[in-house]
Amino acid sequence: QDVTLRIHHILPPVAPAHAKFMVPWSEKVTRESGGRLKFQIFPAMQLGGTPAQLVDQVKDGVVDIVWTLPGYTPGRFPLVEAFELPFIASRDAEATSKALWDYVQAHAKDEFKDYHPLGFHVHGPGVFHVVKRPITSVDDFKGLKFRAPTRLTNRMLGAFGATPVGMPVPQVPEALSKGTIDGAVVPYEVGPSLKLQELVKFHSETDPGEPAVYVATFIYAMNRAKYQSLPADLKKVLDDNSGLSLSAFIGKVFRESDEPGKALAVAQKNPINVIAKAEVQKMRQAAQPVIDGWVEEMKAKNVDGRALIKSAQDLIAKHGGK
Amino acid sequence: MTPPADPIGRLIDRAARGFALFGGVLLTAIAAISVVSILGRWLLGKPIQGDFELVQIACAGCVTCFLPWCQMRRGHVLVDFFTNRLPPRTRLWFDAAGTLAIAAVAGLVAWRTGAGLLAVKAAGETSMILGMPIWWGYVPMAPAFALLALAACHGAAMDAIGATRR
Amino acid sequence: MSGIELGGLYFAGMLALLALRVPIGIAMALTGMVGFVTLAGWAPLLNQLKLVAYARYSNYDLSVVPLFLLMGNFASRGGLSAALFAAANAAIGHVRGGIAMAAIGACAGFGAICGSSLATAATMGQVALPELRRYNYAPQLAAGALAAGGTLGILIPPSIVLAIYAILTEQNIAKLFTAALVPGVIATLGYMAAIGIYVRVYPGTGPAGPRADRAARRRTGRAVLPVAAIFVVMIGGMYGGVFSATEGAAVGTVATGILAAFKGMRWKDFVDCVLSTAEAAGMIFLILLGADLLNSFLALSQLPVELANWVKGSGLPPMLVLTAIVLIYVLLGCVMDSLSMILLTIPIFFPVVMGLEFWGLRGSEKAIWFGMIALMVVEIGLITPPVGMNVYIISSLARDIPMAVAFRGVVPFLMSDAVRVFLVVTFPALSLTLVRWLN
Ligand code: NA
Ligand code: NA
């Protein structure tokens, strides 16, 4: 029989995640299933709820598939956070995404036992987008009000001496244009949707030989019961289009999406600088307490955080990430 | 709209008033948190960390706690222009049914929000910056919806016996 | 069954519930829930219900609604609204309809500090409705003016709807806000003109008072200074980047509360303010919960998507496509709220419009121009029956004004809206000149 699966996610349909990953993926699955698996994609939270509730929506079967960030619900998926710590992930989103999939299989499967994960991935390296001045050293953060995307980047910016300001994403463009905040840290790929390149004046990357400042992790997951209810042949079609290969594919989409985002910043004639290696080292030193704090948190859960970080780094290296 | 005359009605009215005032406390807290955070950010470069999370959690509790009071004052608005010409007693029968519908929906939402509280608590979900448990935000909601259901039941009974005073 | 058929059927069911005096929020909730069960099943509905109330009520943007309601209560209690309208009366009370025009002006001023139409309608309704009645304005005119005036909350920047449009279409929010200024001023003037014409056609609905002398003007003018000071602080703070539009609600509430305390508000008055806020906020938020459930069902039914896809595939000439889009928004606006309409349809309409030829507009200019049109037409939905949120708010604030009277009062303002939509569609320069000039 024909099955229609509803996909719910946060971003507008112009976003690369919708146009270059979910749409092509769903079309491919439909094709390979001989038209028996169909999809309805609901972007921009059209079906209601908050972004943080997506994980419950898919767990409870309100929708069939969601694409979201585990980081929206701190406390639920503590182990994947190892990838979101400062300077852990590589700059190559594809390699890090493959490593993330392997990492979850090895260490964090239990966290996602209520779901049928189709893929895990990360976005490209975080970039500092600032209105007032370029970031050339860790001292440049002093006195800047920064919007941070995740729990751990919030702490990291605080460790750099910036003032982290929490606010929902839709408020960021207005806050930047009015000067309520001085900057935001996100990858280039997010730039176009917020028109960041027009709202800020400077973009600061980190030395290409160093790991990414931060990345966020993402999950693409299906309702467990819905997956199990499918006939074997349809399950196989889905299996062929999930796992390590899908994670790698999404990571590649995100890596490639950084380029047009950066091109817009270049076209805007915004100065783009690279924070030198020596300065990045200072930033890493400043951010060390964030990592240590996370390890302490894990210890309270009887988890060896250092070993997890080591495993994450090893897996990233194994998949060719630097 | 005057307070109910019967003892049960007065009791529900008192409870609804208490919830509304608690909502007022939360609303005052929202205003104070925002203003202190703005001043801190502007003058000292030190906002209240997680201010908008606090606002979100408080807002959920605040507006839910307002619902029963609104019901006791018959503030939940309905479309009257199709039934304006009906005799008042007949209109009250319709109102009894409509108010019972409030009770049904509010009771359902109270039950489900309670289940939501347990689910979110079991998941151990916290807020992004402060690490506050999210289920705290659900705590006032289930009782407030339950009280709304109770208030609506009482209102429907008053409508049915024709004792509603408007 | 197609989404349109299903949506139409359930919509008829909702109308029946509304006609049978089921409270509006509950009628929407029941329709949404039954629809949800039809399309997704019982278990998904019950699970959806676990989270929906918290999702709706913990919304950061909506926190401005109770805050501004409290601020409006402080303003009434502290005599600030009376002072404001005494000054308006002294200034233009001798003009027929003058005070209603002043109320529109006040809505526009409030719209400049508030990004939400509901909050604008609720606050201004609370502040201005008793005053308009005191100056013997006809119920339909008072209610119509304030319901329509409430839409200025979104039409004049800042604006939540425009912020979401910006993100959906990757446009510059600062430019969109700039572009919205001229249409916002036209809306304000258009509503004032509607009042001017209405009071001439129906004499006695907006009576002219005696002309005030210079001393009275000066006296009432001075009494307004504290209100003006709060307004200046809010505008300055928002445009100076000290606080966001959402945070501004807290600033305004605290400032007005302090002022009201100086003007003699005591603990008992404060409690009354809270209870009155609770009544109005409870009314609004029960409807918002129902609207949420209804919108989830409509999204699931794909009705808006089917309508939008029909336009996309219609092959009509550009201006007819735009007309169809406008009509669809007016139609959807009868039952949906503006933000949901934007979320569900802009992803489809936007690329269609960008692919067509309009007045030789290119790229971001076309996006801005279409944004202005979409903004205006989704706002019309707030004052059209049967689901017209602003009208509900006004008629619940004035229990003696029947809802039918309020809906009738909106008609002249709808005409004004129609004229404005025509102007903004026909003359893109109205939306674009300011943006071009500032670049
Ligand atoms: Na506004
Ligand atoms: Na409407």
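Reader: How much area do chain A and chain C bury between them?
Author: Good place to start, and please keep in mind that this is a predicted model. On the two sides, 33 residues of chain A are in contact with 42 residues of chain C. Carbon and sulfur atoms account for 59% of the buried area, and the total that chain A and chain C bury is about 3000 Å².

Reader: Which residues of chain A lose the most area to chain C?
Author: Three residues of chain A stand out here, and together they make up 19% of what that side buries. They are Gln46(A), Val62(A) and Lys178(A).

Reader: What is the distance between the closest N and O atoms in the salt bridge of Lys175(C) and Glu198(A)?
Author: The rule finds two salt bridges across the interface of chain A and chain C. A salt bridge needs a side-chain nitrogen of Lys or Arg within 4 Å of a carboxyl oxygen of Asp or Glu. Lys175(C) and Glu198(A) form such a bridge, and their closest N and O atoms are apart by 3.7 Å.

Reader: Which helix gives the most to the side of chain A that touches chain C?
Author: Polar contacts also join these chains, with 11 residue pairs found by the rule. On the chain A side, β2 (37-42), α5 (172-178), α6 (191-194) and α7 (196-199) each supply at least two residues. The element that gives the most, with four residues, is α5(A).

Reader: Moving on to chain B, how much area do chain C and chain B bury between them?
Author: Here 54 residues of chain C are in contact with 59 residues of chain B. Of the area buried by chain C and chain B, 77% is on carbon and sulfur atoms, and the total is about 5000 Å².

Reader: Which side chain of chain B meets Arg21(C) in a salt bridge?
Author: Two salt bridges are found across the interface of chain C and chain B. In one of them, Arg21(C) comes to 2.7 Å, N to O, from its partner, Asp95(B).

Reader: Which helix gives the most to the side of chain C that touches chain B?
Author: Nine residue pairs are in polar contact across the interface of chain C and chain B. Several helices of chain C each supply at least two residues to that side, among them α1 (3-19), α2 (24-40) and α20 (403-426). With 14 residues, the one that gives the most is α14(C).

Reader: Where in chain C do Cys114(C) and Pro158(C) lie, and how many residues apart are they?
Author: Both give an O atom to the sodium ion (ligand 1), along with Gly111(C), Gly153(C) and Ile156(C). Cys114(C) and Pro158(C) are both buried. Cys114(C) sits in the loop between α6 (98-111) and α7 (117-134), whereas Pro158(C) sits in the loop between α9 (152-155) and α10 (160-169), and they are 44 residues apart.

Reader: Why is Thr384(C) called buried?
Author: Thr384(C) coordinates the sodium ion (ligand 2) through both O and OG1. Buried means under 20% relative accessible area. Thr384(C) is therefore buried, because its relative accessible area is 9%.

Reader: What is the relative accessible area of Val387(C)?
Author: Val387(C) coordinates the sodium ion (ligand 2) through its O atom. The residue counts as buried, with a relative accessible area of 6%.

Methods. Residues numbered from 1 in each chain as written. Chains lettered and ligands numbered in written order. Predicted model: local features only at pLDDT ≥ 70, side-chain atom pairs only at ≥ 80, totals over all residues. Heavy atoms only, no water. Contact = heavy atoms within 4.5 Å. Buried area = accessible area lost by both parts, 1.4 Å probe. Polar contact = N/O pair within 3.5 Å; in protein donor to acceptor, adjacent residues only side chain to side chain. Donors = N, O, S within 2.8 Å, 3.2 Å for Na, K, Ca; no water. Buried < 20%, exposed > 50% of the residue type's maximum accessible area, 1.4 Å probe, protein only.
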